[in-house]
Amino acid sequence: MRISFNRVQITAGALAALCGMAVLGLVASRGGVPEAEVAEAVYASVPGRAEVHEIARGRTFGGILHDAGLGTADYRRVLDAFRKEADPRRLKSGTSVRIQWLETPGGERLHRIEVGLNRDQTVFVDCGGGGCGASTMTLATSIDTVYAAGRIESSLWSAVTNLPELAATSAGDRRNFVLSLDRVFQWQIDFSRQIMPGDTYRFVFEREKRPEGSMRTGHLLSAEIVNSGKAYHAIWFDPNGDGEGTWYDLDGQSVRRAFLMKPIELSRISSRFGMRHHPILKEWRNHNGVDYAASRGTPVQSTGAGVVVRRNRSETYGNVIDVRHPNGFLTRYAHLNGFERGIAVGSRVGQGEVIGYVGMTGMATGYHLHYEMHASGRPVDPLAIEFPPEDPVPADDRARWELESAARLALLFSLPGPDELRAVRADQ
Ligand SMILES: [Zn+2]
């Protein structure tokens, strides 16, 4: 299935078609058609909701059911049924757990739980009035490619989630597209501050889907963001062919750095590094970190790979985790509501791995994450440091890179470019 612009339509000069597809604000102001509301109504009419969880390291199937809010009776019934098909203690980290709730006149009730045992096998636990029953099914997944392009009016988030062209994809998938763009371009662009009206984006995303249409896995094949007239590119390439690929720019330089730009996805900075008036101590003090405003329970990720060297509670920091990284770097995550299960002193954590959750423990006036970075024992401003890029495309793989990147760029460039997307606006 190909969702999006059809090259023929665009080369035929169908600017009107472009208006209808790419620029939501324009459609609304021209024809008075409330596209966004139409799209929302489609989702609101679904009589229930589904949530997808992932069994992270140190997390259990039972823990996910508990966190999802299953009552004691449902919890027991689901586990008993599931055990007839598989051992819940032997589920691998990364296993997806999809929980479906049904809207009934008496309120929400548990409908079905799907656990992806491996690439092809899924355990279904179906719950009705009488109880729960489980079965294992072998399902073939399919792969499709999603194409999208648009103009940013306010934020990348609203530009992508409101793109009428993507209305056929689930809200979860659209969230995934934005998070992927944020993850890939985080070192080049600060999406919370730098995005300007008139910026454009286009991307090609490869999805592996379950038979009923939900996304199992996926990644950006190629993407472009034009921010204040400057174009940034990211092209997927898998040097070892083991599925652990990453993204490179047009020259084959990695877009990734040793540290993520921020420990919380799509977050907002509420206080920067440097002198400030302390909200509790009521005096001027040096702020040795960066604060990120986020709601309670928002996952906190380790910004780099390393080893946990501190996980305790202090009067000032509240629940705090320190991670030691190579080359004398240390990162600190404070005021946590709680720690991720399995995270202890000595734990090895990867870049982007969830280690705790946002809270306001210790000396804090509201829910936020206090994030510090230390270099050789001294606090430094994580937003001011230029981290060296990760390895470029290996010399041995250069020939294959040339071929594959050209193909992925061709897919990207088959979408309308910045000039075409902006022309729609100028034509108004
Ligand atoms: Zn702080």
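## Model and overall composition

The structure is a predicted model, in which local features need pLDDT of at least 70 and side-chain atom pairs count only at pLDDT 80 or more, whereas totals for chains, interfaces and linings use all residues. Residue numbers start from 1 along each chain as its sequence is written.

The protein chain contains ten helices and 23 strands; these are DSSP runs numbered from the N terminus, with helices being H or I of at least four residues and strands E of at least two. Of its 428 residues, 32% count as buried. A residue is buried if 20 or more other C-beta atoms lie within 10 Å of its own, exposed if 12 or fewer, and partly exposed in between, with C-beta atoms placed from the backbone. Among contacts in the protein chain with a separation of 6 or more, 63% involve residues 24 or more positions apart; a contact requires C-beta atoms, placed from the backbone, within 7 Å.

## The five-stranded sheet

An open sheet is formed by five strands in the order E2-E3-E4-E5-E6, with antiparallel pairing; two strands pair if DSSP finds at least two bridges between them. At the edges are strand E2 (48–54) and strand E6 (132–138), each of which pairs on one side only. Neighbouring strands of the sheet are turned by 20° against each other on average, direction ignored. Such angles run from 0 to 180 degrees between N-to-C directions, and the axes are lines fitted to C-alpha atoms, for helices over the stretch in contact.

E2 pairs with strand E3 (residues 96–104) over seven bridges, and Gly48 has Leu102 in E3 as its bridge partner. E3 and E4 are linked by eight bridges and joined by a hairpin through two residues; Ile99 stands opposite Ile113 in E4. Strand E4 (residues 107–116) in turn pairs with strand E5 (residues 121–127) over five bridges, where Val115 stands opposite Val123 in E5.

## Helix H6 against the sheet

Helix H6 (residues 72–83) lies across E4, E5 and E6 and runs at about 140° to E5. The twelve residues of H6 should span 16 Å at 1.5 Å a residue, and its end C-alpha atoms are 17 Å apart, which agrees; the expected span is 1.5 Å times one less than the number of residues.

The buried residues of H6 are Val78, Ala81 and Phe82. They lie on the same side of H6 because they cover an arc of only 100° around the axis, the arc being that of the directions from the helix axis to the C-beta atoms. Their cover includes helix H5 (61–67), E4, E5 and E6. On the other side of H6, Thr72, Ala73 and Arg83 are exposed.

Beyond its neighbours within four places in sequence, Leu156 contacts Val178, Leu181, Phe191, Ile195 and Tyr201.

Ile355 is buried because 24 other C-beta atoms lie within 10 Å. Not counting residues up to four places away in sequence, the residues that Ile355 touches include Val300, Ile321, Tyr333, Phe339 and Ile343. The C-alpha atoms of Ile355 and Phe339 are separated by 6.1 Å, although these residues are 16 residues apart along the chain.

Note on methods: Two residues are in contact if their C-beta atoms, placed from the backbone, lie within 7 Å.
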